[in-house]
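Subject: Structure handover

Hello,

Here is the structure for you to look through. My notes on what turned up follow below it.

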Amino acid sequence: VVAGESEGDGGGEGGARAGEDCPACPPAGAFSVTREVRYFLEEDPEVEVDVSKRIKAYRYGADLIPFDSVDRAAFKFQSKKGMWLLGFTPPSTVPRWYLL
């Protein structure tokens, strides 16, 4: 058995690996897998939805809530870097457990 392979996956006596014992087989790594995703209307499954008409949506329970770039910009936290001193207080007014 070849190190790192089990007997059932071609590493043992009985199995042939691509390109080794099969001259008609293409060499290993000769093919690539590409992913193609297409979206269709729910009302008419034969009509494909154009890329410009799609927006991102988040699942909330059983519903899908549309969330476009305007919403994303509105919810983005916007602040300036830094720290502001709001005031002073005597140490006796700060409970000790606040410092834990």
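A salt bridge here is a side-chain nitrogen of Lys or Arg within 4 Å of a carboxyl oxygen of Asp or Glu. The model is predicted, so local features need pLDDT of at least 70 and side-chain atom pairs pLDDT 80 or more, while totals for chains, interfaces and linings use all residues. Residues are numbered from 1 along each chain as its sequence is written, and side-chain values use heavy atoms, with hydrogens and water left out.

Salt bridge

The structure holds 1 salt bridge. Glu36 and Arg38 form it through their side chains, at 3.9 Å from N to O. Glu36 is exposed because its relative accessibility is 63%; exposed means over 50%, buried under 20%, and partly exposed in between (1.4 Å probe, protein chains only). Arg38 is partly exposed, at 47%.

Overall layout

The protein chain has 1 helix and 2 strands. Helices (H or I, at least four residues) and strands (E, at least two) are DSSP runs, numbered from the N terminus. Their pattern along the sequence is β-β-α. Of the 100 residues in the protein chain, 4% are buried. The chain exposes about 10200 Å², and carbon and sulfur atoms supply 57% of that. These areas come from the Shrake-Rupley method with a 1.4 Å probe; for residues, only the protein chains shown count as cover. Take the contacts with a separation of 6 or more: residues 24 or more positions apart account for 0% of them. Contact means heavy atoms within 4.5 Å.

Hairpin

Strand E1 covers residues 57-60 and strand E2 residues 63-66. They run antiparallel and are joined by 4 bridges. Two strands pair if DSSP finds at least two bridges between them. Arg59 has Leu64 in E2 as its bridge partner. E1 and E2 form a hairpin with 2 residues between them. In the turn, Gly61 has a positive phi of about 70°.

Aromatic rings

A search of the whole structure gives 3 aromatic pairs. Rings of Phe, Tyr and Trp (its six-membered ring) pair if their centres lie within 6.5 Å; planes under 30 degrees apart are stacked, over 60 edge-to-face, the rest tilted. Tyr58 and Phe67 are edge-to-face, 5.4 Å centre to centre with 80° between the planes. Phe67 and Phe75 are stacked, at 5.9 Å and 20°. Tyr58 is partly exposed, with a relative accessible area of 40%. Phe75 counts as exposed, at 64%.

Nonpolar patch

Which residues make the nonpolar surface patch? Val94, Trp97, Tyr98, Leu99 and Leu100 do, over about 700 Å². Patches are made of residues with over 30% relative accessible area and no salt bridge: like charges are joined within 9 Å, nonpolar side chains (Val, Leu, Ile, Met, Phe, Trp, Tyr) within 5 Å. Trp97 lies in the segment after helix H1 (69-75). Trp97 counts as exposed because its relative accessibility is 59%.

Best wishes
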